[in-house]
Amino acid sequence: MPGCYSFDEKSQSARRCRSLHSQQCMMYQPPIRGRRTKSLKPWMIALIIAAVVLVLAIIISLLVYFLLFDQKPHYYKISFLIPGTEYNPDFSVEHSKARTDLQQKVNNEIDNIFQRSSLNHHYIKSHAVDFRSSNDGLKTDVVLKFNFVSNNAETIKRQAAKILHQKLEFDESFLKIDNSSPYLKDIREVQAEHILNSGCGLGRDPPSMEKIADGYVAGKADWPWQASLQMDGMHFCGASLISEEWLLTAAHCFDTYKNPRLWMVSFGTTLSPPLKRRKVQTIIVHENYAAHKHDDDIAVVKLSTPVLFSEEVHRVCLPDANFEVPPKSKVFVTGWGALQANGPFPNTLRQVEIETISNDVCNQVHVYGGAVSSGMICAGFLSGKFDACEGDSGGPLVIAPDRNIWYLIGIVSWGIDCGKENKPGIYTKVTRYRDWIKSKTNI
């Protein structure tokens with residue numbers, strides 16, 4: 001796409017040199033008043049000191065390892081009451097201001113409780129994941145994450161429960177413990193991480209200008225919705241994860257091969273080895289798409305088995321149909337496409353920051369001469385250089401308008417050459433097909 005350390009232990013054993021001294025038999029011997037002990041030689045003293053230091057170092061290293069490096073994440077789920085707060089339908093709308101503000105308020109309250117407690121070195125974070133109505137006001141479920149040695153699990157759990165009870169029952173707080181649900185219920189790591197990463201669009205912070213052509217590589221959790229559509233282990237197209245089981249991609253990826261059984265999806269920043277893989281169950285191409293033209297270049301792909309979300313694999317946000325992206329907006333395109341026209345495909349995911357360009361500009365005679373329709377987005381630079389390329393088709397064009405939440409606004413569709421002057425990339429406009437996506441996936 002343009003644009004335990006180890007060490008060898010040498011066991012040392014102190015050797016005692018035994019000398020058998022023959023004594024001549026004598027009739028008379030002087031009386032023995034005392035024995036004189038021989039002083040240790042310097043090299044023996046050094047050897048003993050070195051052995052003691054080595055033993056102490058091993059003991060200290062083991063203690064540090066078990067106290068620090070042997071710690072593992074532990075997760076608990078707990079329900080809280082928020083008395084006096086009425087349910088607001090916006091609390092169920094992802095990334096709404098009402099929901100985000102209340103989530104932050106709950107998370108901050110729990111952060112303050114544990115960061116000022118005896119468990120401050122073990123507490124990692126909290127995450128409010130759900131809000132629902134109750135007789136007393138509002139309820140919320142919260143996932144708590146701690147880090148500690150496994151054999152301390154019960155002790156830490158009791159301490160956490162005691163700290164919460166003291167702070168929420170006896171001190172003034174807008175949160176109260178919900179006694180109608182299990183208190184500090186243990187959750188498996190995979191399930192907990194799925195909940196913690198269930199929010200859409202959680203990726204990297206918007207970075208500075210980068211170009212794919214010269215080899216800027218994406219971090220492992222920067223674009224966690226990016227997927228690779230493959231056949232026989234070879235990358236063909238990009239795609240974007242929009243739910244646990246649905247992907248959004250370009251229709252032209254299936255011009256030749258339409259059988260779902262031929263396709264495999266891989267996740268993670270590297271093609272080989274992949275982080276995880278899934279078979280394809282269903283491919284739905286837009287009904288009006290035709291291979292000889294560029295309109296309606298959109299398709300959805302259903303996985304045979306849903307993925308569990310993690311920091312490195314989760315969904316991107318889909319914009320509402322009225323979501324507007326003005327010209328010159330900073331956007332990102334990612335993929336494993338060629339580094340230049342007819343060039344090799346990289347193994348590691350790459351990224352480029354580009355700008356949206358108005359369709360009027362892109363439809364000028366010296367650019368695309370009217371070929372860019374209202375269902376397309378033009379993005380890149382008229383000066384060229386920064387662009388998507390072969391192999392990036394179907395991949396995401398994303399924007400983070402606020403709070404570093406990323407929205408999928410475009411799908412890599414077509415263009416002339418790669419990074420060529422006056423030939424920016426053309427992307428399928430996701431907002432134009434928002435209702436179609438919902439009709440096929442219920443998302």
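The legends below walk through several close-up views of this protein, taken from a predicted model.

Residues are numbered from 1 along each chain as its sequence is written, and side-chain values use heavy atoms, with hydrogens and water left out. In this predicted model, local features need pLDDT of at least 70 and side-chain atom pairs count only at pLDDT 80 or more, while totals for chains, interfaces and linings use all residues.

View 1. Helices (H or I, at least four residues) and strands (E, at least two) are DSSP runs, numbered from the N terminus. Of the 443 residues, 46% count as buried; buried means under 20% relative accessible area, exposed over 50%, and partly exposed in between (1.4 Å probe, protein chains only). The protein exposes about 25,000 Å², and carbon and sulfur atoms supply 52% of that area. Accessible areas come from the Shrake-Rupley method with a 1.4 Å probe, and for residues only the protein chains shown count as cover.

**View 2. Six strands form a closed barrel.** Follow the strands in the order β6-β7-β8-β11-β10-β9, with antiparallel pairing. The twist averages 45° from one strand to the next; axes are lines fitted to C-alpha atoms, for helices over the stretch in contact, and angles run from 0 to 180 degrees between N-to-C directions. Two strands pair if DSSP finds at least two bridges between them. Between β7 and β8 there are two bridges, and serine 240 has leucine 248 in β8 as its bridge partner.

**View 3. Strand β10 pairs with β9 and with β11.** Strand β9 (residues 264–267) and strand β10 (residues 276–285) run antiparallel, with four bridges. Look for phenylalanine 267, whose bridge partner in β10 is lysine 276. β10 also pairs in the antiparallel sense with strand β11 (residues 299–303), over five bridges, and here isoleucine 283 has valine 301 as its partner in β11. Helix α6 (residues 434–441) lies across β8, β10 and β11, running at about 30° to β11; contact means heavy atoms within 4.5 Å.

**View 4. Cysteine 237 and cysteine 253 are joined by a disulfide.** A disulfide is counted for a pair of cysteine sulfur atoms within 2.5 Å, and the count comes to four. In this one the sulfur atoms are 2.1 Å apart. Cysteine 237 lies in strand β7 (residues 234–241) and cysteine 253 in the loop between β8 (246–249) and β9, so the bond ties together parts that are 16 residues apart in sequence. The link is left-handed, with -105° about the S-S bond. Are the two cysteines buried or exposed? Both cysteine 237 and cysteine 253 are buried.

View 5. Cysteine 389 counts as buried, at 7% relative accessibility.

**View 6. Lysine 97 and aspartate 101 form a salt bridge.** A salt bridge is a side-chain nitrogen of Lys or Arg within 4 Å of a carboxyl oxygen of Asp or Glu. In this pair the closest N and O atoms are 2.7 Å apart. Both residues lie in helix α2 (residues 97–115), four residues apart, about one turn of the helix. Lysine 97 is exposed, with a relative accessible area of 59%, whereas aspartate 101 is partly exposed at 40%.

**View 7. Lysine 145 and glutamate 193 meet in a salt bridge across distant parts of the chain.** The N to O distance is 3.4 Å. Lysine 145 belongs to strand β3 (residues 137–148) and glutamate 193 to helix α4 (residues 189–196), 48 residues apart. Lysine 145 counts as buried at 18% relative accessibility, and glutamate 193 counts as buried at 15%.
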